[in-house]
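Thanks for asking me to look this over with you. Below are my notes, written for someone meeting these chains for the first time.

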Amino acid sequence: MADQETAAPGGHDHDHHPTGWRRWLFSTNHKDIGTMYIVLSMVGALVGGAMSFMIRLELMDPGIQFNLFGAGEEAAYFQFYNVLVTGHAFIMVFFVVMPAMMGGFGNWFVPLMIGAPDMAFPRMNNISFWLLASALVLLLVAAFTQGGPGTGWTVYPPLSSAEFHPGPAVDLGILSLHLAGASSVLGAINMITTIFNMRAPGMTIHRMPLFCWSILVTAFLLLMAMPVLAGGLTMLLTDRNFGTAFFEPSGGGDPVLWQHIFWFFGHPEVYIIILPGFGIVSQVVSTFSRKPIFGYLGMAYAMVFIGFVGFAVWAHHMYTTGLDADTRAYFVSASLVIAVPTGVKIFSWLATMWGGSISFRVPMMFACGFIFLFVMGGVTGVALANAGMDIAFHDTYFVVAHFHYVMAIAGVFAMFAGFYYWIGKMCGRQYPRVLARIHFWSFFIGVNVLFFPQHFSGMAGMPRRIPDYPDNYAGWNYVSSIGAFITTASTLLFFFIVWRTLSAGEKVPANPWGEGAKTLEWTVESPAPFHTFEELPDMTDKQAAE
Amino acid sequence: MAPMRTDNRKKNRLTAMVLFTVAGGMVGLAFAAVPLYKLFCQVTGFGGTPKIAAQPPAAAPSGRTITVRFDANANPALPWRFLPEKTQVTVRAGEPALAFYRATNLSDAPLTGTATFNVTPFKAGEYFSKIDCFCFTEQHLAAGEEVAMGVRFFVDPGIFTDPNTQDVTTITLSYTFFPAAGGDGKEGEKPQQAKASAPAPVPVAGRPVKG
């Protein structure tokens, strides 16, 4: 490796660090905190995944399948179903994808990739993690409190107001989101400060790996979107408990105002989920095509542009609230504009692969899966961005299929790509290759069988968030649930792979991927030592690191 | 190594301060959205918010007419019967008109109500002006009392020239009566809003909540 001489003297580092529970509870080390985030994300994935599996079990056949509360208690069961839908969304968004991408890979690899010894504020990093862990506990407590919050992740009043959710469940959910939001804002401030101030000499911002760019843009989105959610949630909390009337028509408020505030946060939020995935896929595609990424600056500024425009398209979630024709025309065009920078990214990934010396290792397989799924969801997204079509498709399974493809499943594929790409660096052992390939194919087939038929159910008019449906939706729902079985089995296989990797994986060298892997994390040994880059690597004469 | 770290520390603190300010500013903006949204609704008629006019229009009324229909709802928490006297009238655009609603307190206690209102289609809100309305203030009804309540309004003739609203031939004016916040407190069914600091009925579109 040409970059070998820049490696930190981590090997003969005095690797002294606190041990036992203190090492984790009081951790200020970016790698340990990153590991904790990844573990939290895995726990979240089990809970959130179990919830979605229960949803699919219920929807496998028409009628009510699993009324846990006995005959005559259908209302309680429907509320439980709504709690499952709500919990699945919140957990997957706030406690699986965000911790894995920002907290896990971001903490682990941003300092390594820019040649910094740690994050800018190590202790703030610690509190970010523990706030998030507390938020998860609070959310689970909410789910088991007096019927739980059955509001959907959008928490629209009046359903979420005291009249229809009188118990403390929604209040606990709101407090949980407050904690998660505070955690994200602190994490974002930490990331931005680290990336702005702590790059190694010569690592200019235009030489920074695209993963760091993606985390930088995501951090800015978090910084500006999360406080808006916090403000809206506070208003909802005081409406529920202290007699204010922000969203109460009887007091002069307007429930639609909540939708504006929520989606001003909610739309950037979906980019918060997918942008780090763009970064991971860029690294992986470049590494396994053995070429620098095609159009580096275009890729970086496409993400910046997506971030900006993401704040100006929120009302495309609200076409059915009675916006006038001009307002809809604006939001349609602004939403369609986002297809341009995302198209730039897709074509640049393809152009990177074009003529490259591609090796389809498991991370590359997941990156290609990501591109396929993201394009699928992007195409339905362009369709849904049109107000005229959306009024027909609003709140149908077509929308469910769309956002699971474009954001949820694509995001999970990016997470798996990142996991297989970096696990050797994180734990020093390589994943079992054959099992990982089986994991990819079973997961890829599983999610497509799961979500593709939902386009058909949606076009036939099947609504979201309803546990029962007429018989004419039965066929594709059955197929979809079969997909859920395959996906669940594949997810369990992934956890088996994690265990096999940690217990019996073969040892990996500093750079297991060959000449394609040019970023700084491959210059330190595997697993990365506790302290890295105490002497900053000099990047002055190096190429852009993409 | 050491001098560089202290240098970084200062720079990091400054960056973090700026970023915390941005986050704080965004919280502020979220709350600023509330009055801004109200203002926006009033100015643009967004969401079917009718305009408030002090005077009838000076210009001569247009020759064209438009039908105005009247809708009345009472929130279940307020035991009132609330009905329009006429279900619709046809008015000349630009000419003030007067319509009456009739409210009866069905309970055996005095009750105070306040009405939210809007017009549909929403896009007509910009051209529908109220000069005087019972919904501008709270209404007190003694036990069993029945009152007639008036609304004076006009439709701006501009509705016929705006390409967005040329197709409108009928405007529906809708009211929903709620127990007044901070009123008698007798209602009791909606304890959450009993303690609100009695906002004067704000001229903002509230969506009628039925049932």
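1. Conventions. This is a predicted model, in which local features need pLDDT of at least 70 and side-chain atom pairs count only at pLDDT 80 or more, while totals for chains, interfaces and linings use all residues. Residues are numbered from 1 along each chain as its sequence is written, chains are lettered from A and ligands numbered from 1 in the order in which they are written, and side-chain values use heavy atoms, with hydrogens and water left out.

2. Salt bridges overall. How many salt bridges does a search of the whole structure find? Over all chains there are seven, a salt bridge being a side-chain nitrogen of Lys or Arg within 4 Å of a carboxyl oxygen of Asp or Glu.

3. Helices (H or I, at least four residues) and strands (E, at least two) are DSSP runs, numbered from the N terminus. A:Arg240 counts as buried because its relative accessibility is 3%, and A:Asp171 counts as buried at 13%. Buried here means under 20% relative accessible area, exposed over 50%, and partly exposed in between, using a 1.4 Å probe and protein chains only.

4. Pairs in chain B. B:Lys123 and B:Asp167 form a salt bridge, with their closest N and O atoms 3.3 Å apart. This pair also links distant parts of its chain, 44 residues apart: B:Lys123 is in the loop between strands E6 (111-120) and E7 (128-133), and B:Asp167 is in the loop between strands E9 (146-155) and E10 (170-179). B:Lys123 is partly exposed at 31% relative accessibility, whereas B:Asp167 is exposed at 54%. Elsewhere, salt bridges that share partners join B:Glu85, B:Arg102 and B:Glu146 into one network. There is also a salt bridge between B:Arg92 and B:Glu95, at 3.4 Å from N to O; B:Arg92 is partly exposed at 36%, and B:Glu95 is partly exposed at 32%.

5. A nonpolar patch. Which residues make the nonpolar surface patch of about 390 Å²? They are A:Phe452, A:Phe456, A:Met459 and A:Trp476. Helix H14 (residues 433-459) of chain A gives the most, with three residues, and A:Met459 lies in this helix. Patches are made of residues with over 30% relative accessible area and no salt bridge, where like charges are joined within 9 Å and nonpolar side chains (Val, Leu, Ile, Met, Phe, Trp, Tyr) within 5 Å. Accessible areas come from the Shrake-Rupley method with a 1.4 Å probe; for residues, only the protein chains shown count as cover.

6. A:Phe90. Do have a look at this residue, found in helix H3 (residues 74-114) of chain A. Is A:Phe90 buried or exposed? At 6% relative accessibility, A:Phe90 counts as buried. Leaving aside residues up to four places away in sequence, A:Phe90 touches A:Phe95, A:Leu139, A:Gly152, A:Trp153, A:Val155 and A:Leu177, where contact means heavy atoms within 4.5 Å. A:Phe90 and A:Leu139 are 49 residues apart in sequence and 8.6 Å apart in space, C-alpha to C-alpha.

7. Helix H9 of chain A. In this helix (residues 325-337), A:Phe331, A:Val332, A:Ala334 and A:Ser335 are buried. Their cover includes helices H8 (296-309), H10 (339-353) and H12 (387-393) of chain A.

Notes. Expected span 1.5 Å × (residues − 1).
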